[in-house]
Amino acid sequence: MEANMNLLHDAGIRTTHWLQQHFQGSQDWFLFISYAADLRNAFFVLFPIWFHFNEAVGIRLIWVAVIGDWLNLVFKWILFGERPYWWVLDTDYYGNNSTPEIQQFPLTCETGPGSPSGHAMGAAGVYYVMVTALLSAAGGKKQSRTLRYWVLWTVLWIGFWAVQVCVCMSRVFIAAHFPHQVIAGVLSGMAVAKTFQHIRFIYHASFNRYLGITLFLFSFTLGFYLLLWTFGVDLLWTLEKAQKWCSNPEWVHIDTTPFASLLRNLGSLFGLGLALNSHMYQESSRLKQGQQLPFRLGCIAASLLLLHIFDAFKPPSHVQLLFYALSFCKSAAVPLATVGLIPYCLSQLLGTKDKKAA
């Protein structure tokens, strides 16, 4: 088994080496793709846009991102995937032969296990939701679909796969993942998004249900971690690898650790449940302005501006528990502001103006 994995890892290292040799001039593009494919952008950019145009799609986007990334964490802890940037320096596979030179970048030194790729899984899930939502809006009844629909279908799916190829190449180029890990990530992300097309309760779930699911996901993860720890399995073994083999210690960030990712995602889910069941959301939905395009565009613009400012706040990382707690609160505030606070404030402002005009 180990010999087969060594062969697979060696093939991945040579793929990374080949990409870095032949696409050296494109490193800024690959770094941008890795940055853009981070799930943070799904919460801070894509969610506000989609939610104010189509609430159901926005809600599904959050659920797919959160559950997909939670499953990604569980898979990583089960599969114990290596990462190229440390494996090539840590392995004795090459013996006396020359080890391929692999370049590292500021986004290379992630601290969790490598399989499957979280970036590839997240991008596949989120973009699958968006593509299917656009096709559903344009499709109408299956019998009445026109040539225009099939042209749109072709363009969107070509775009979807182009994005996935770019994300996969980016993650392999910067030596954050092996090729088989990004392929597994894409397939897993699509499977999660496809599953949520058939789950209906998420659109009308109560706050208690959101709270229960959030607590279950956290408890299961913590229990799984403690269970394996009891049997002598250190699930944070990758943090030591990252700190040892990353060429620049400043590139190793606590926000890439498994528990940091978990609490960010659970914070987003908790905040969404709190927002959808809040008085602010119910009041803004009741008012007639909520159905008008200018109001929706105003909500999108205000949400993107506020979240951009809010994202500049970086929780202090010198105390891990404080960092995790503040990360949870920061993530919870994103849907709370997008779904509740901003629409409520705008609707109240417009309502006051209407009363004065009357």
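Contact here means heavy atoms within 4.5 Å. Display the contacts between residues at least 6 apart in sequence: 84% of them join residues at least 24 apart. The model is predicted, so local features need pLDDT of at least 70 and side-chain atom pairs count only at pLDDT 80 or more, while totals for chains, interfaces and linings use all residues. Residues are numbered from 1 along each chain as its sequence is written, and side-chain values use heavy atoms, with hydrogens and water left out.

Next, colour by secondary structure. The chain has 14 helices and zero strands (DSSP runs, H or I of at least four residues for helices and E of at least two for strands, numbered from the N terminus). Switch to the C-alpha trace, which spans about 85 × 55 × 35 Å along its principal axes.

Now select the buried residues (under 20% relative accessible area, 1.4 Å probe, protein chains only); they make up 49% of the 358 residues.

Of its 75 residues, Trp 63 and Leu 272 touch the most other members. Helix α4, residues 55-79, gives the most to this core, with 13 residues.

Centre on Trp 63. Beyond its neighbours within four places in sequence, Trp 63 is in contact with residues including Phe 196, Tyr 210, Ile 213 and Leu 272.

Finally, select Trp 86, Ile 102, Cys 109 and Trp 251, which are included in a second, separate core of 15 residues.

Methods. Buried means under 20% relative accessible area, exposed over 50%, partly exposed in between (1.4 Å probe, protein chains only). A nonpolar core is a set of buried Ala, Val, Leu, Ile, Met, Phe, Trp, Tyr and Cys residues joined through side-chain atoms within 4.5 Å.
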